[in-house]
Amino acid sequence: MKSMIVLLGPPGSGKGTQGEKLGTELGYVRLSTGDMLREAVRNGTELGKLAKTYMDSGALVPNDVIIGLMKDKINALGKVPGIIFDGFPRTVEQAEALDKELNVDLALNLDVADDILIERLTKRRSCPDCQAVYHLVYNPPKCEGKCDKCGAELYQRDDDKDATVKNRLEVYRKNTLPLVDYYTKAGKIATLNGVGDINAIFEEVKKVIQ
Ligand code: AMP
């Protein structure tokens, strides 16, 4: 089984959902830079204050900040059976930095059309405590407004609001899409259709990581 896996794909393509399943069902450690930054924002740390100025507009947090953060997390983990990188790398510079830390086995690219991404992001609701994600129509919580897993009040991320979503997709195309080429050249890419039933997509994910 592949152990070091990068989840690629635009915002809203299902990286968090599939990454979470890889964690809970197959025991991978999931490292999400977005979750780390949101936690820092909530805790009001220096990192959080800096990151917020970028995140609010859908821009990328500077490479040196993200690379430093990720290196610390990887080193703190020690030896683990496998890591899922969710939302990192997002630039070629970050991918090169990751290659210096460890050997990426697979970049899993989730393919979803723009109109579906917009519909998913703007109707997404998130749990502030356990980071579970829901969709108002396709994956609603059992009890309205409450997280199924921990009962916390769900919220809409500021950057999931209409105005910011379009910018995030542009930022993705400009900065992150080149990574598809980067990992294709390295012979490490697998592209999957990211539209459809969450569990059916997960079955495809499991096939490519074998
Ligand atoms: P996400 O939860 O992965 O959609 O990330 C939310 C926001 O956090 C992004 O829009 C960026 O502002 C920031 N962010 C997360 N990961 C990265 C990264 N690898 N590089 C730069 N900015 C990031």
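User: How are α1 and α9 oriented to each other?
Analyst: α1 and α9 are roughly perpendicular to each other (65 to 115 degrees; under 35 counts as roughly parallel, over 145 as roughly antiparallel, the rest as oblique). This is a predicted model, in which local features need pLDDT of at least 70 and side-chain atom pairs count only at pLDDT 80 or more, while totals for chains, interfaces and linings use all residues. Residues are numbered from 1 along each chain as its sequence is written, and side-chain values use heavy atoms, with hydrogens and water left out.

User: What angle do the axes of α1 and α9 make, and within what distance do they come?
Analyst: The axes of α1 (residues 15–26) and α9 (residues 198–209) cross at roughly 65° and come within 10 Å. Axes are lines fitted to C-alpha atoms, for helices over the stretch in contact, with angles from 0 to 180 degrees between N-to-C directions. Helices (H or I, at least four residues) and strands (E, at least two) are DSSP runs numbered from the N terminus.

User: Which residues make that contact?
Analyst: α1 contributes Thr17, Gln18, Lys21, Leu22, Glu25 and Leu26, and α9 contributes Ile198, Asn199, Ile201, Phe202, Val205, Lys206 and Ile209; contact means heavy atoms within 4.5 Å. By class, the contact of α1 with α9 holds seven nonpolar, three polar and three charged residues. Ala, Val, Leu, Ile, Met, Phe, Trp, Tyr, Cys and Pro count as nonpolar, Asp, Glu, Lys and Arg as charged, and the others, Gly among them, as polar.

User: And α2 with α4, at what angle do they pack?
Analyst: Helix α2 (residues 33–43) and α4 pack at about 100°, with their axes 11 Å apart, so α2 and α4 are roughly perpendicular as well. Thr33, Met36 and Leu37 of α2 make contact with Ile66, Leu69, Met70 and Lys73 of α4. These residues comprise five nonpolar, one polar and one charged.

User: What about α5 and α8, at what angle do their axes cross?
Analyst: The axes of α5 and α8 (residues 178–185) cross at roughly 35° and come within 9 Å. Val92, Ala95, Glu96, Leu98 and Asp99 in α5 meet Pro178, Leu179, Tyr182 and Tyr183 in α8. The contact of α5 with α8 divides into seven nonpolar, no polar and two charged residues.

User: Changing topic, how many disulfides does a search of the whole structure find?
Analyst: The search finds zero disulfides, a disulfide being a pair of cysteine sulfur atoms within 2.5 Å. For Cys130, the nearest cysteine sulfur is that of Cys147, 3.6 Å away.

User: Now the backbone: what is the geometry of the peptide bond from Phe88 to Pro89?
Analyst: The bond from Phe88 to Pro89 is cis, with omega near -5°. Pro89 lies in the loop between β3 (83–86) and α5 (92–101).

User: And what is phi of Gln131?
Analyst: Phi of Gln131 is near 70°, a positive value in a residue other than glycine. Most residues other than glycine have a negative phi, and most peptide bonds are trans. Gln131 is found in the loop between β5 (124–126) and β6 (133–135), and Gln131 is partly exposed at 25% relative accessibility.

User: Where does Gly78 lie?
Analyst: Gly78 lies in the loop between α4 (63–77) and β3 and is partly exposed at 47% relative accessibility. The C-alpha atoms of Gly78 and Pro140 are separated by 36 Å.

Methods. Buried means under 20% relative accessible area, exposed over 50%, partly exposed in between (1.4 Å probe, protein chains only).
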